Amino acid sequence: MRHDGGMSSPRPLVDSFNRRITYLRLSVTDRCDLRCSYCMPERMEFLPRKDVLSLEELHELALGFIERGVSKIRITGGEPLVRRDVLELIRALGRKVGDGLEELTLTTNGTQLAQHADDLAAAGVRRVNVSLDTLDPALFERISRRDRLADVLEGVAAARAAGLGVKINTVALKGLNEAELPEIVAWAHGRGYDATLIEVMPLGEVEGDRVDHYLPLSEVRDRLERRWTLTSTADRTGGPARYVDIAETGGRLGFITPLTNNFCDGCNRVRVTATGQLYACLGGAEMVDLRAALRSDDPDARLAAALDTAMRIKPERHHFQIDRRGADPAQPRHMSVTGG
Ligand code: SAM
Ligand code: SF4
């Protein structure tokens with residue numbers, strides 16, 4: 001595929017609500033070495049390997065997005081670091097940082113970060129998001145169904161030692177890590193990491209009912225405000241996060257509240273699964289198949305047309321709800337498939 005931009009410069013990606021799409025979340029695998037109970041069942045059925053894009057195809061795709069004005073790419077999954085040779089892709093995309101790409105980042109569960117932190121930094125990654133729901137080994141095993149907290153903590157420390165900025169992402173879970181949330185925030189800020197709390201979202205079937213552990217972040221924020229001085233900041237990242245500065249910890253805390261608030265108006269992102277399906281909204285079914293475009297006789301034209309279609313079908317907002325016990329998930333796709 002040609003990536004010289006041709007004679008005329010390619011059109012930027014603008015959807016039908018006039019939102020400019022500059023941020024791609026690219027899933028490189030739906031597989032994972034953990035089984036977080038709110039994310040997937042123990043016996044998760046993974047995508048057939050033959051359907052998954054090769055690293056070369058993922059690279060082509062990413063270049064196609066960069067050509068259309070995407071300036072930030074987050075590599076995600078599943079667990080991106082379980083994909084063999086993923087560092088090759090990250091190195092290749094790292095070479096685009098400063099040459100079309102402003103930022104290349106990664107979301108990881110951290111279990112394998114200790115082995116890869118130096119290579120990620122050398123490849124041009126500056127920041128990583130590490131998902132960590134508890135600092136208690138027994139609770140970690142209960143939530144993720146694996147006894148891996150020590151590896152994650154080692155991974156986080158290695159990321160810091162490699163000079164990577166670290167953000168800790170924590171899903172707020174009623175009756176599980178609920179009481180520990182202030183401690184996790186203080187722990188993160190004490191080490192110079194940003195922290196973000198996330199509301200559990202109804203994506204894909206899991207064992208049990210997510211309603212049991214759904215904790216609205218408005219409640220969490222009220223409780224934190226009784227303990228600390230929170231000052232809202234104007235920062236927006238085009239996502240559903242709102243940020244506060246905490247005077248006592250000296251750190252910044254994000255709240256991702258897709259359920260109690262709706263911040264779709266400024267959405268700047270799309271997601272691509274490891275099999276090349278572009279989902280225009282995390283909470284919607286609107287999809288275009290980029291793999292078919294990539295594997296066609298005329299990938300340049302087909303990919304351009306597919307991206308144009310994606311801009312036309314991107315919905316104005318999601319319609320998540322998690323207030324009904326026994327309700328079907330808002331989307332049958334797990335977050336690990338769409339790319340969190
Ligand atoms: N495995 C990597 C990780 O855990 O960071 C990357 C993929 S994971 C799907 C990305 C993020 O999605 C994690 O922070 C995880 O906690 C979050 N997540 C997964 N399922 C979720 C759900 N149903 N609701 C809210 N967040 C979810
Ligand atoms: Fe794996 Fe991330 Fe899902 Fe946990 S949240 S099971 S680490 S993909």
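Glu 79 first: one of its polar side-chain atoms sits 3.3 Å from a nitrogen atom of ligand 1. That is a polar contact, meaning a pair of N or O atoms within 3.5 Å. Another nitrogen entry: Gly 78 has a polar backbone atom 3.0 Å from a nitrogen atom of the ligand. For Tyr 38, a side-chain N or O atom lies 2.9 Å from an oxygen atom of ligand 1. The protein covers 95% of the 550 Å² of accessible area that ligand 1 has on its own; areas are Shrake-Rupley with a 1.4 Å probe.

Some bookkeeping. This is a predicted model, where local features need pLDDT of at least 70, side-chain atom pairs count only at pLDDT 80 or more, and totals for chains, interfaces and linings use all residues. Residues are numbered from 1 along each chain as written, chains are lettered from A and ligands numbered from 1 in written order, and side-chain values use heavy atoms, without hydrogens or water.

Now the shell. How many residues surround ligand 1? 19, with Tyr 38, Gly 78, Thr 108, Ser 131 and Met 201 the closest; the cut-off is a heavy atom within 4 Å.

On to strand 9, residues 251-256. Strands are DSSP E runs of at least two residues, numbered from the N terminus. Buried means under 20% relative accessible area (1.4 Å probe, protein chains only). Strand 6 runs parallel to strand 9, joined by 4 bridges. There, Ile 198 has Ile 256 as bridge partner. Strand 8 pairs with strand 9 antiparallel, over 6 bridges; pairing takes at least two DSSP bridges.

Terms used
Polar contact = N/O pair within 3.5 Å; in protein donor to acceptor, adjacent residues only side chain to side chain. Buried < 20%, exposed > 50% of the residue type's maximum accessible area, 1.4 Å probe, protein only.
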